[in-house]
Amino acid sequence: MPIRPRPITYHCPKCQWSKTIQPRSDALMPGDRVDTCPRCGHTDLEETTQNRPASLLEKIRAAFTQ
Ligand SMILES: [Zn+2]
């Protein structure tokens with residue numbers, strides 16, 4: 001069963017640039033990762049995984065598997 005990856009928000013503490021990326025699959029593609037700020041070149045970006053509430057389908061699945 002494929003798990004839909006959570007979106008990742010990158011934030012540059014130096015110039016306040018930020019971007020949210022929704023990975024297309026479990027395997028991150030090269031374009032899904034941001035290591036360097038495209039605006040100021042800062043390399044120590046903050047990485048935040050978005051926590052979204054589970055969908056109705058996910059709740060039903062969880063109820064049946066417990
Ligand atoms: Zn920056």
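**View 1. Burial of Cys-37 in the predicted model.** Cys-37 is buried, at a relative accessible area of 3% (buried means under 20%, with a 1.4 Å probe and protein chains only). The model is predicted: local features need pLDDT of at least 70, side-chain atom pairs count only at pLDDT 80 or more, and totals for chains, interfaces and linings use all residues. Residue numbers start from 1 along each chain as its sequence is written, and side-chain values use heavy atoms, without hydrogens and water.

**View 2. The zinc site.** The zinc ion has as its protein donors the SG atoms of Cys-12, Cys-15, Cys-37 and Cys-40, lying 2.3 Å from the ion (donors are N, O and S atoms within 2.8 Å of the metal, or 3.2 Å for Na, K and Ca). Angles of 105 to 114 degrees between the four donor atoms make the arrangement tetrahedral (all angles between 85 and 135 degrees). Along the chain, the donors follow the spacing C-x2-C-x21-C-x2-C. Cys-15 belongs to the loop between β1 and β2 and Cys-37 to the loop between β2 and β3, so this pair ties together parts 22 residues apart in sequence.

**View 3. The antiparallel sheet.** An open sheet is formed by three strands in the order β2-β1-β3, with antiparallel pairing (strands are DSSP runs of E with at least two residues, numbered from the N terminus; two strands pair if DSSP finds at least two bridges between them). The edges are β2 (18-21) and β3 (46-49), each with a single partner strand, so one side of each lacks a neighbour in the sheet.

**View 4. Pairing of β1 with β3.** Strand β1 (residues 8-11) runs antiparallel to β3 and is joined to it by four bridges. Tyr-10 has Glu-47 in β3 as its bridge partner.

Terms used
Four donors count as tetrahedral if all angles lie between 85 and 135 degrees; four count as square planar and six as octahedral if opposite donors are over 155 degrees apart and all others between 65 and 115; anything else is irregular. Buried means under 20% relative accessible area, exposed over 50%, partly exposed in between (1.4 Å probe, protein chains only).
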